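Please look at the structure below before reading on.

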Amino acid sequence: MTSTRTTTLVLFIICLIFIQELEIHGLEIDGGNQDMAAAHQHIDCGGKCGYRCSKAGRPKICMRACKTCCQRCNCVPPGTAGNQNACPCYASLTTHGGKLKCP
């Protein structure tokens, strides 16, 4: 009788440990997928660039350059000008002539 109780108790503890391990590994997998989803999530380049170029003197040229930069960097700095430090990739792209590409 005591051996049956002992065996049952040991099996119960093993099951609890197994369930806990599954939950731990399940959280690691889900957390990794969320990070990957955030990394691959694309922003609305048209909307962000539309606002960024809304006060530009040549809005069509600004939009073309901004969309190219946005697609490469998946980032557009806030505001209608400046703030390049908010998006380092966007600020580092240059033209063949060495000028900053992104408005």
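The points below are grouped by helix. The model is a predicted one. Helix H3 spans residues 59-73, and its buried residues pack against helix H2 (45-52) and helix H4 (88-92).

**Helix H3**
- H3 has 15 residues and reaches 20 Å from its first C-alpha to its last, close to the expected 21 Å.
- Cys62, Ala65, Cys66, Cys69, Cys70 and Cys73 are the buried residues of H3.
- These residues lie on the same side of H3, because they cover an arc of only 135° around the axis.
- In an α-helix, residues three or four places apart point the same way, because there are 3.6 residues a turn.
- The exposed residues Lys60, Arg64, Gln71 and Arg72 sit on the face of H3 turned away from its buried side.

**Helix H2**
- In H2, the buried residues are Cys45, Cys49 and Arg52.
- Their arc around the axis is only 55°, so they are on the same side of H2.
- The buried residues of H2 pack against H3 and H4.

- Leu9, Phe12, Ile13, Leu16 and Ile17 make a nonpolar surface patch of about 480 Å².
- Ile17 is located in helix H1, which covers residues 2-40.
- Ile17 counts as partly exposed because its relative accessibility is 46%, and partly exposed is the class between buried, under 20%, and exposed, over 50%.

Key. Residues are numbered from 1 along each chain as its sequence is written. This is a predicted model: local features need pLDDT of at least 70, side-chain atom pairs count only at pLDDT 80 or more; totals for chains, interfaces and linings use all residues. Side-chain values use heavy atoms; hydrogens and water are left out. Helices (H or I, at least four residues) and strands (E, at least two) are DSSP runs, numbered from the N terminus. The expected span of a helix is 1.5 Å times one less than its number of residues. Buried means under 20% relative accessible area, exposed over 50%, partly exposed in between (1.4 Å probe, protein chains only). The arc is that of the directions from the helix axis to the C-beta atoms. Contact means heavy atoms within 4.5 Å. Patches are made of residues with over 30% relative accessible area and no salt bridge: like charges are joined within 9 Å, nonpolar side chains (Val, Leu, Ile, Met, Phe, Trp, Tyr) within 5 Å. Accessible areas come from the Shrake-Rupley method with a 1.4 Å probe; for residues, only the protein chains shown count as cover. A salt bridge is a side-chain nitrogen of Lys or Arg within 4 Å of a carboxyl oxygen of Asp or Glu.
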